[in-house]
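Here are some notes to read with the model open beside you. Take the points in order and look up each residue as you go.

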Amino acid sequence: MNKRLNWMFAALAAATLAACDMAEQNDTPANTETENAVAVVNGQPISQAQLDVYAERRNAQGQQTDPEDLVNDLISMELLAQSAIRDGLDRRPQTAGELASQRTALLAQAAVREHLANAEISDADVETEYQRFIAEDLGEELNARHILVEDEALARELIEQLDGGANFAELAEEHSTDGSAANGGDLGWFEQNMMVAPFGEAAAALEEGAYTQEPVQTQYGWHVIKLEGRRSAEPPPVDQVRSAISEYLQSQRVERWVNELREAAEVEITLPEAAEAATAKAEAEEKIEETAGPDDQ
């Protein structure tokens with residue numbers, strides 16, 4: 001199947017969904033409004049909005065196409081959609097479920113965009129969240145060197161040489177099999193969880209200036225680790241995380257809004273497993289509220 005057909009079929013569900021929505025809104029098999037149509041197929045108009053959405057999707061993937069080609073794509077999709085409806089495919093459980101799911105998802109996305117457009121995150125909001133973030137304990141950073149070798153025996157020999165007064169950086173330059181060898185095994189500053197668990201745990205357990213007395217095995221091989229220093233983790237500059245903070249605040253606003261909508265709605269879960277899970281969650285939350293002290297609420 002060529003790329004153009006791939007694009008056509010990728011957009012087919014959305015085109016069919018739009019046709020179904022128009023049929024629902026007008027209580028007729030098709031919307032006969034043609035004033036703003038870019039084409040009319042068996043009486044069914046293809047709107048400028050449909051063309052714009054299709055063009056945006058193509059452009060987003062770097063697939064810029066002549067407007068005439070786009071219209072012809074939409075005509076082909078509309079013909080296929082009409083054929084599916086004539087054959088009753090839209091009433092099959094699988095297809096009907098997919099259409100309903102896509103309709104719900106598209107409307108939900110539109111609702112979120114509208115909600116966020118009317119509740120923009122200000123610089124003051126970002127600054128407030130940033131100050132809350134940096135006020136927390138950010139943990140610590142470690143500065144370490146290591147020597148990575150392929151077998152345990154060599155790692156133990158290197159530890160014996162260190163015990164005899166050998167220079168760690170020189171041994172790393174000579175024996176280490178990774179890129180840090182050129183810098184004497186220097187790994188710079190890092191947080192413990194940035195490293196694979198055995199390495200991070202071993203490095204964090206060392207005193208400054210000490211090296212591991214036993215080789216540390218990871219999926220990369222056998223390590224001899226020396227801790228050069230430790231310090232409190234420093235927060236990144238606000239401008240570096242501004243975008244991430246803004247996205248986090250947006251997600252929080254949407255979550256609160258959805259919770260408000262849910263509390264105001266009449267919701268009945270009829271799927272047995274889901275209903276049981278929802279009941280158990282509600283009971284657990286109720287117990288937490290009952291046992292929480294005044295300072296916790």
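**Notes on the model**

1. Start with Ala210: with a relative accessible area of 25%, Ala210 is partly exposed. That label covers the range between buried (under 20% relative accessible area) and exposed (over 50%), using a 1.4 Å probe and protein chains only. Ala210 sits in the loop between helix H8 (197-204) and strand E5 (216-218). Helices (H or I, at least four residues) and strands (E, at least two) are DSSP runs, numbered from the N terminus.

2. A word on where this comes from: it is a predicted model, where local features need pLDDT of at least 70 and side-chain atom pairs count only at pLDDT 80 or more, while totals for chains, interfaces and linings use all residues. Residues are numbered from 1 along each chain as its sequence is written, and side-chain values use heavy atoms, leaving out hydrogens and water.

3. Which residues does Ala210 touch, leaving aside those up to four places away in sequence? They are Ile225, Lys226 and Leu227, with contact meaning heavy atoms within 4.5 Å. Ala210 and Ile225 are 15 residues apart in sequence, and their C-alpha atoms are 8.4 Å apart in space.

4. Now the sheet. Four strands make an open sheet in the order E4-E3-E6-E5, with antiparallel pairing. E4 and E5 are the edge strands with a single partner each, so one side of each has no neighbour in the sheet. On average, neighbouring strands here are turned by 45° against each other, direction ignored. Two strands count as paired if DSSP finds at least two bridges between them.

5. Have a look at E3 (residues 140-149), a mostly covered strand: eight of its 10 residues are buried. How many bridges join E3 to E6 (residues 221-232)? There are 10, and the two strands run antiparallel; Ile147, for one, has Val224 as its bridge partner in E6. Towards E4 (residues 186-191), E3 has four bridges, again antiparallel, and Arg145 stands opposite Asp186 in E4.

6. H6 lies across E3 and E6, running at about 50° to E6. H7 also lies across E3 and E6, running at about 50° to E3. The axes behind such angles are lines fitted to C-alpha atoms, for helices over the stretch in contact, and angles run from 0 to 180 degrees between N-to-C directions.

7. How do the two helices meet? The axes of H6 (residues 152-163) and H7 (residues 168-175) come within 10 Å and cross at roughly 155°. H6 and H7 are therefore roughly antiparallel to each other, a label for angles over 145 degrees. In the contact, Leu158, Gln161 and Leu162 of H6 meet Phe168, Leu171 and His175 of H7. By class, that makes four nonpolar, two polar and no charged residues. Nonpolar here covers Ala, Val, Leu, Ile, Met, Phe, Trp, Tyr, Cys and Pro; charged covers Asp, Glu, Lys and Arg; the others, Gly among them, are polar.

8. One last stop: Asn42, in the loop between strand E1 (37-41) and strand E2 (44-47). Its phi is near 50°, a positive value in a residue other than glycine. Is Asn42 buried or exposed? At 63% relative accessibility, Asn42 counts as exposed.

Terms used
Angles under 35 degrees count as roughly parallel, over 145 as roughly antiparallel, 65 to 115 as roughly perpendicular and the rest as oblique.
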